Structure formats: C-alpha cells, structure tokens
Amino acid sequence: MGLLVALVWILARPPVAFPEQKSLKEEFQVLPGEVGRSGGRLVVSLRAEPKTLNPLIATDANSNEVIGAMHADLVHINRATQLTEPALAKSWKISRDGLQYTLVLRGGLKFSDGYPLDVDDVLFTFRVYLDERVHAPQRDLLIFDGKPITLRKVDSQTIVFQLPKPYGVGERMFDGWAILPKHLLEKPYEEGKIGQLGTLSTAANQWAGLGPFRLKEYVAGQRLVLERNPYYWKTDAKGNRLPYLDELVFLFVPSADAQVLRFQSGETDLISRLSAENFSVLSREQNNHRMVDAGPGLEYHFLFLNLNDPGEKTPADLLQKQKWFRDVKFRQAVSVAIDREAIVRLVYQGRGSALWGLVTPGDRRWRDEKLPHPARSLERSRALLKEAGFSWTTASNGESTLIDSTSKPVEFSIITKSSNADLTKMTALIQDDLKQLGMRVQVVPLESRSLLDRVTQTREYDAGVLGIASFDADPNSDINVWLSSGGLHLWNPSQTHPATPWEAEIDRLFNAQMYTRTFEERKKLYDQMQEILWDHQPMIFLASPDILTGARKAVGNFHPAVLEPYVLWNVEQLYLRNAAVSASR
Amino acid sequence: MKGKRVISNWIVLLALHAIVILAGFFAPYDPTEQDRKNPYLPPMRIHFVDDQGHFHARPFVYELQLREGSYDQYQENAARALPLQFFVQGEHYRLLGFVPSHWHLFGAKNERIYLLGSDSYGRDQLSRFLYGGQVSLFAGLLGAGITLFLGLGVGALAGFYGGWRDDLLMRLAEFFLALPWLYLLLALRAFLPLAVSPLQAFFLIIAVLGAVGWARPARLVRGVVLSAKQRDFVRAARGFGATGGYLLRRHILPEASSVLLTQAAILVPQFVLAEMTLSFLGLGVPEPVPSWGNLLSSLQQYSVLVSYWWMYLPALMIVPFFLGYLGLGAGCSSTESRTR
C-alpha cells in the first residue's frame with residue numbers, strides 16, 4: 001500500500017484527421033508496478049450469486065464485484081490513491097465555468113468481442129442510463145436540479161458533456177459508469193427489453209464489455225467463470241498486455257465461515273470482508289497465505305431511532321416511543337452513554353475505530369476535525385435525560401427503571417441483521433450500556449430482507465443498528481442517505497418535504513456542496529452538515545471496521561484498498577507466482 | 001441392588017438440581033454482567049502449589065494477562081495470586097426468586113475470577129451455566145409435565161372408552177406426531193410482536209413443546225389402559241358395579257404410573273435438548289438471559305469453534321444431568337418389570 005500509481009502515456013497523434021477510420025493505433029495505458037507472469041486462474045468467493053451482469057440494474061455488492069471485472073469507465077478513481085486517473089478517456093478538459101467536460105477517448109479501443117468502440121457507444125450508454133424507463137439506480141447522479149446532463153459528439157474520439165450546473169465532484173463523476181456495447185444492446189433497448197438482459201445464463205458471445213475479463217461460463221449455484229479479455233487496453237511496464245490471469249472464477253459460498261474454510265484449505269486465492277475474529281484465526285498460522293489489515297475503511301455503523309412521520313397505521317406504543325425518540329436530548333443521552341471504545345475492542349478486536357461523525361478515518365480529506373469526541377459519560381447522559389423530563393424509579397428488586405414524564409417505563413427494541421455477528425454483538429453491548437441508564441432494550445436479530453422492509457416500507461420498528469459502506473471517499477456517494485428525499489435516509493426515508501428544519505438545512509448544505517467547485521468551499525459546507533448531524537443525532541455513529549483481507553502467498557501484486565472492490569480493484573495486475581501449480585489444481 | 005442404584009441416582013439428580021436452583025449462591029457473579037476488559041478469558045486454573053513450590057491450604061488462581069504482542073492469547077501472571085475466598089459477600093440476588101441475599105459460595109477479593117472462562121462480552125461462563133440451567137431445566141420439567149398430563153388424559157380416555165373416541169383421539173395423535181414442530185414454532189414466532197420479552201419467549205417455547213409432544217405418551221398410556229381393562233380384578237370390580245371414573249382412578253391408572261415415570265425421565269432431557277435447539281437457532285430465550293442453548297449458540301461461529309475451547313464446556317457439563325435422568329428412566333423401567 002501507499003504505492004502511488006503514476007501514469008505513463010504512449011504518445012499518439014491526435015486522432016482527429018480521419019474520423020471514419022476504424023483501425024486506429026491502439027493507445028495503451030501503461031501501469032507501473034511489479035511485472036507479473038501470465039496464465040493461471042484465480043479463485044475468489046462471493047457471498048451469493050450475483051443478481052445480474054447488467055450494469056444498468058445492478059444494486060447488490062456481488063453483482064457489482066463481477067461487473068467491475070467485466071466493464072470499464074471513462075475516468076476511473078484509483079482505489080489505492082483515491083484520486084482520478086484516465087481510463088477509456090485518455091484525457092479530459094474542464095471549461096472555465098465548470099459546465100463543459102471534454103473527454104478524448106483512447107485510440108483503438110475494442111470491446112471484449114473484438115468490436116471497436118467509438119463515441120456513439122458512449123452516447124448510447126448515457127442515453128440508456130438517463131432513460132427513465134430503464135430505472136438505472138445511478139440515474140439521479142446525472143440529474144442536476146431536475147435537469148439532465150447532455151452529451152455532444154465532436155468527432156469519433158471526442159465527446160463533450162454539458163452540465164446544467166457546475167458540479168463539485170469534477171471528473172470523479174465519470175467513475176463507475178460502465179460503457180455499454182451499442183452493437184449488442186441497441187436493439188433490445190429499442191424493444192424495451194434492456195432491463196431483462198444480463199441474466200447469469202447469458203451466452204458468452206452475447207455479452208461484451210471493456211473490462212479486463214469477459215464472460216465464459218456459469219454453473220448455477222456453483223460458480224461464474226470469466227476469461228481474459230484479449231483486447232484489454234492496459235499493459236504492464238514491459239509492454240505485456242494485461243490482464244495476466246487466464247481465468248477469474250467466482251465461487252458462490254454462502255456464509256462467511258464457509259469462505260474462511262475454503263480459503264484456509266487453499267480452494268480460493270483471495271478473501272475480503274473478513275470479520276476481525278476470522279481475521280485473527282487466519283492470522284495465527286500464515287504458512288500459505290498473507291493477511292493484510294488495509295486500515296480503516298469507509299464503512300460506518302450506527303444506531304438510529306424511528307423518526308418517521310406518524311401515519312394512521314402507526315401502532316399506539318410506537319407513537320409513545322417516538323415521543324422519546326423525537327426529543328433531541330434523549331438521542332444525545334443515548335449517544336453519550338454508548339461505550340464506543342468497547343465496541344472497537346470487543347467487536348473488532350481493536351481492528352477498527354470509534355466514530356462520532358459520519359466520515360470514517362479511512363476518508364482523510366473529508367473529516368471534520370472540529371467534531372467533538374466526548375468520552376462515554378453516564379452522568380452526562382443522566383443529566384440530559386433529567387433535562388428532558390425523564391426520571392427514575394427503583395423497583396423492589398433494586399433495579400432502577402427510567403420513566404418518562406407520564407411514568408411510562410422506557411422500553412424499546414433494536415432490530416439488526418441476524419446474518420452479521422458483528423452487528424448483533426454491537427447491539428448487545430448497546431443493550432447493556434442503556435441498561436445502566438435504566439432503559440430496557442431488547443435485541444431483535446432479523447433476516448436482512450425483512451429488516452430492510454421494516455425500515456423502508458412498513459416502518460414498524462423502534463430502533464435499528466446497521467452499517468453502510470460508501471463506495472467512494474467523496475461525500476456525494478451517500479447522497480441517498482443524507483437527502484431527506486433519499487431512499488436510504490434511514491430514520492425517515494423518502495420524504496416529500498423535509499420533516500424538520502434541521503433536515504431541510506442538511507438538504508440545503510448537501511446540495512450546495514454538490515454544486516460548489518473548490519474543495520475548500522465544499523469541505524466547509526460538508527463540515528457544517530456533519531456538525532448538524534452531531535447536534536441532532538438522527539444517526540448515532542458507533543464504529544468503523546478496518547478492511548481485513550488476505551491472499552495466498554502465490555498471488556502477486558496483492559495490494560488491498562479501502563475502497564470497494566477491496567481486493568479486486570487491480571485484478572488486471574494480479575498474477576500467480578507459480579502458474580503451473582494453479583493450473584494443475 | 002437395583003433399588004440402591006435408583007436411590008443414588010435420585011440423590012445425584014436432586015443435588016444437581018439444587019445447585020441450579022440455588023444458582024445465586026453457587027454462581028459467583030450476575031450472569032448478565034459484562035466485564036469488557038476481559039473477553040474470551042480462558043478458565044483460570046486452581047492451584048495449591050505456587051511457582052516456588054510452596055503448598056497453600058487455601059486454593060488460589062493466578063491473574064491472567066495478555067501474552068506479549070498478542071491480543072487474544074493469555075498467560076498466567078505468577079506475581080498476582082488471587083486466593084479463593086469462601087462464603088463471600090458479593091452482588092445482590094434473590095434466592096428462589098424471593099429471598100434477598102448477597103452471599104456467594106466463593107469469590108476473590110476485588111477481582112473477578114473465571115473458573116470456566118468468560119464469553120465474548122466478558123461474562124462469567126460458570127455463572128451463566130448455573131443460571132442458564134434454571135431456564136433450561138425448568139423448561140424441560142414443565143414441558144414434560146404438560147406433555148404427560150395431556151398424554152395421560154388422552155391416552156386414558158382413548159384406551160378406556162374405545163370405539164370412535166379411540167379412533168378420533170389416536171388419529172389426532174398421529175397428526176401431532178407428523179407435525180413439523182420446528183416450522184410450527186417459526187410460524188408462531190412470525191405472528192408474535194417483534195420484541196418478545198424473555199418470559200414470554202420462555203412460556204411460548206414450553207407451551208408449544210408441551211402441546212406438540214403429548215402424542216407418544218398418549219399412545220403408551222392407551223396401550224397400558226387397554227391391557228389393564230381386560231385384567232380379572234378390573235372385570236370383577238366392574239361386575240360389582242364400579243363406575244368408569246372409579247375404575248380408572250383406582251385400578252387402571254395406577255398400572256400406568258410406572259410407565260409415566262419412565263416416560264418423564266426420558267422426556268425431561270428431551271425437552272431440555274429441544275430448548276437448546278431452539279435457543280441455538282435464535283428462537284429461544286433472547287439474550288442476555290442465559291440458557292444452555294444460548295451458551296452453546298456462540299459455537300456457530302467458526303472463529304469461536306477453533307479459538308476458544310472453553311466455550312464447549314457447557315456441553316460437557318450438561319452430560320451428568322442427562323445421565324442422571326436417563327439412569328433414572330432405566331432404573332424405573334427395570335424395577336417396573338421386576339414387580340410385574
């Protein structure tokens with residue numbers, strides 16, 4: 001880690017002269033770093049089968065992991081440096097008013113089926129992403145104040161993106177938009193069937209991308225096999241065309257523990273998303289593998305209380321509880337009573353950090369240094385509760401119970417994901433922390449689909465403990481969480497109007513930073529937003545785990561990053577030191 | 001000889017149950033109290049001889065500390081010996097649920113000691129085992145009681161009256177035998193409110209287990225009643241004009257008592273196991289209340305399975321309870337066959 005990837009260009013004549021010429025000289029991107037050896041197959045495990053191979057509709061992490069290996073974007077965020085670097089576009093220019101982005105495509109690019117790429121594919125791609133009928137989940141990112149971004153072709157290699165408003169994120173916004181093959185998708189798109197494409201059983205010759213690998217074989221319930229894309233546009237420092245690997249195999253291994261066992265037995269070559277406990281099990285004997293703590297990631301865990309607007313269907317006891325939850329002093333009291341250090345120590349075995357705001361230590365640039373980090377204090381918490389009109393009664397058995405101004409005992413339940421042992425453990429610690437305030441809290445582990453259904457649809461729950469992993473260090477990646485209209489605005493999702501003045505202020509600050517051009521200005525606005533969140537505690541931030549990964553010693557160029565995909569971000573550079581061994585497996 | 005074995009079995013079982021019932025006294029700590037500085041502490045070894053070879057009449061343990069450069073491996077700190085104190089004052093509890101007390105069988109001054117190690121929250125495993133036994137054994141006894149009561153009633157009715165009542169009740173019994181009770185419980189749980197208090201969860205489990213399990217003892221009782229009905233002394237009593245209720249009470253059901261006792265001895269451990277299965281699956285008594293199933297459920301995690309051997313100990317400690325019950329069952333059935 002810490003290896004900065006600098007980029008070298010093979011200079012080529014600007015391809016303006018013959019726009020119709022299809023066989024331009026190939027302009028490779030040359031990657032520095034260790035030169036590996038070709039061949040072999042790399043096996044990794046996925047928690048579940050990807051739902052789709054179609055970048056237009058993919059939302060789950062497994063799909064995105066596979067899609068990431070098969071597709072490429074115009075400008076890419078280097079997961080190690082967290083900075084942008086050229087990808088399909090070899091260069092870009094931003095006009096002085098910040099409204100025009102001129103991108104020049106690399107020459108000689110070909111899709112993985114050998115078909116050449118030109119600007120029309122890019123135009124097609126964004127037309128589809130912007131089409132409301134396609135329901136691409138990322139679509140909102142291309143809409144600025146209700147107006148969409150527009151594209152204009154200059155010549156066969158040059159394209160202009162016209163923004164309705166200056167956009168603070170700059171060229172980072174091009175990351176993650178997989179460029180699609182027009183020659184394969186145009187017809188289904190016009191027939192309105194593009195959303196049904198990309199099932200796992202798609203024939204390999206019907207699917208193409210610009211990523212390092214292409215589809216080879218799918219065995220239902222077992223594995224998805226990708227093979228080397230022979231037309232890939234990157235080379236190593238010696239000019240060998242990447243990727244090194246012949247095959248990339250995704251095994252479907254349903255549980256975290258089963259993944260550990262497969263890795264331990266050498267069936268898989270890489271492992272990520274490890275819990276601290278499994279990481280320490282694997283670290284104990286490191287004969288065949290190397291375990292790497294990549295440091296604090298972008299995942300944040302938090303407790304949130306149900307602040308939804310009461311509807312007709314809201315049960316009476318939830319209304320009662322919401323009276324407590326709406327009191328900001330109550331939320332502050334809960335926050336200050338939580339022993340975050342214990343969470344880091346007991347849940348993450350020290351491989352994580354306590355959190356007081358939404359920006360994790362993994363995201364150095366955006367952290368608000370002014371945010372207070374008060375130590376746990378039950379006295380402070382009791383004082384806040386007293387101010388809010390709560391008091392205590394002592395039962396005959398010596399247990400003191402917190403009661404509100406109408407003498408109702410404070411009792412509520414916290415739902416959390418049953419599949420995630422870290423979350424349930426965290427919740428059990430909070431339960432014990434709050435017991436010391438006289439609150440009776442129950443932990444209810446739920447299966448993740450019914451949990452999300454409760455939080456975003458029926459909204460019948462008291463409180464929840466969940467985690468979110470941002471996909472980029474830029475704040476805009478969590479737009480869905482912070483805007484009051486967002487679907488993941490968990491404490492009160494998808495509002496038509498901000499329910500409270502402070503949520504309106506967060507909306508304003510978030511939108512303002514989005515359209516502000518300099519980092520310093522944006523940071524100032526974002527800091528303000530973090531402070532409002534701190535004051536009002538709609539989400540009580542708990543802790544952020546380190547990104548824990550491992551690889552077999554035979555895997556070269558293994559440099560895990562704290563941005564997703566943690567271990568596969570440089571999959572084109574990964575190689576097997578002893579290809580013969582892996583071939584015989 | 002056999003009788004003696006049954007008696008000694010009884011004594012062992014009663015002693016074990018007494019320890020569990022008086023968990024507050026025998027357990028050194030509150031089972032839900034977290035000692036966050038000491039998660040996954042291995043069991044402390046009891047010593048009589050210190051590292052200089054001196055013998056001490058009072059047993060002691062050494063404080064555990066993290067091994068240099070490790071975050072989960074402990075070693076004994078020979079400089080800090082903690083002598084075991086007996087009959088110490090400690091946390092308050094209520095014996096049998098109503099006698100307030102703060103006396104504990106043993107403990108150590110100013111320090112917590114872990115004879116069976118601690119779990120992921122630093123809770124004392126020994127205390128959790130003892131208190132957990134209250135939940136699990138009570139679930140077993142109550143569940144077996146409900147089952148036998150229902151089984152006796154249904155079996156006696158079916159066997160004694162026969163005819164269509166017999167057919168109806170026995171078909172019903174077969175239906176219950178075929179019922180997948182685990183799914184039944186899952187379905188029941190889905191109908192209940194989100195958060196169920198530990199007490200509610202406990203009674204739900206027992207009610208379901210008891211209600212579903214009556215079919216087997218009912219068939220046994222029916223068989224006994226059927227054969228007893230044909231005995232000469234029963235026929236004679238009937239000839240003298242005894243009513244059905246009198247016959248059942250006075251002549252027939254006493255015949256079934258030894259069968260029931262044997263059944264009880266077999267059913268109790270079965271129900272304890274059922275409670276453990278449910279808690280293991282997260283359907284049982286919710287955390288932080290301990291039960292034997294909850295104690296073992298952490299073993300679902302691979303990391304716990306391979307790293308912390310003392311988390312298996314509860315499984316081992318359940319064995320004497322089960323042997324006691326099963327030995328009792330075996331003893332009962334052999335005395336029964338001898339008296340016949």
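A: The account below begins with a helix pair and then turns to a chain contact and a sheet. The model is predicted: local features need pLDDT of at least 70, side-chain atom pairs count only at pLDDT 80 or more, and totals for chains, interfaces and linings use all residues. Residues are numbered from 1 along each chain as its sequence is written, while chains are lettered from A and ligands numbered from 1 in the order in which they are written.

In chain B, helix H7 (residues 215–229) packs against helix H9 (residues 244–280); helices (H or I, at least four residues) and strands (E, at least two) are DSSP runs numbered from the N terminus. H7(B) passes H9(B) in a right-handed crossing, that is, the near helix is turned clockwise from the far one by less than a right angle.

From H7(B), the contact draws on B:Pro217, B:Leu220, B:Val221, B:Val224, B:Val225, B:Ala228 and B:Lys229. H9(B) contributes B:Ile252, B:Glu255, B:Ala256, B:Val259 and B:Gln263. Contact requires C-beta atoms, placed from the backbone, within 7 Å. Nine of the residues joining H7(B) and H9(B) are nonpolar, one is polar and two are charged (Ala, Val, Leu, Ile, Met, Phe, Trp, Tyr, Cys and Pro are nonpolar, Asp, Glu, Lys and Arg charged, the others, Gly among them, polar).

Chain B also touches chain A, with 20 residues from chain B and 25 residues from chain A. On the side of chain B, strand E4 (85–95) and helix H11 (302–307) each supply at least two residues.

Chain A contains an open sheet of four strands in the order E6-E7-E11-E10, paired antiparallel; pairing needs at least two DSSP bridges. Its edge strands are E6 (89–94) and E10 (150–155), each pairing on one side only. Neighbouring strands are turned by 20 degrees against each other on average, direction ignored. Helix H2 (residues 119–130) of chain A packs on this sheet, touching E7, E10 and E11. Within the sheet, five bridges join E7 (residues 100–105) to E11 (residues 158–162), and A:Tyr101 stands opposite A:Phe161 in E11(A).

Terms used: Axes are lines fitted to C-alpha atoms, for helices over the stretch in contact, and angles run from 0 to 180 degrees between N-to-C directions. Two residues are in contact if their C-beta atoms, placed from the backbone, lie within 7 Å.
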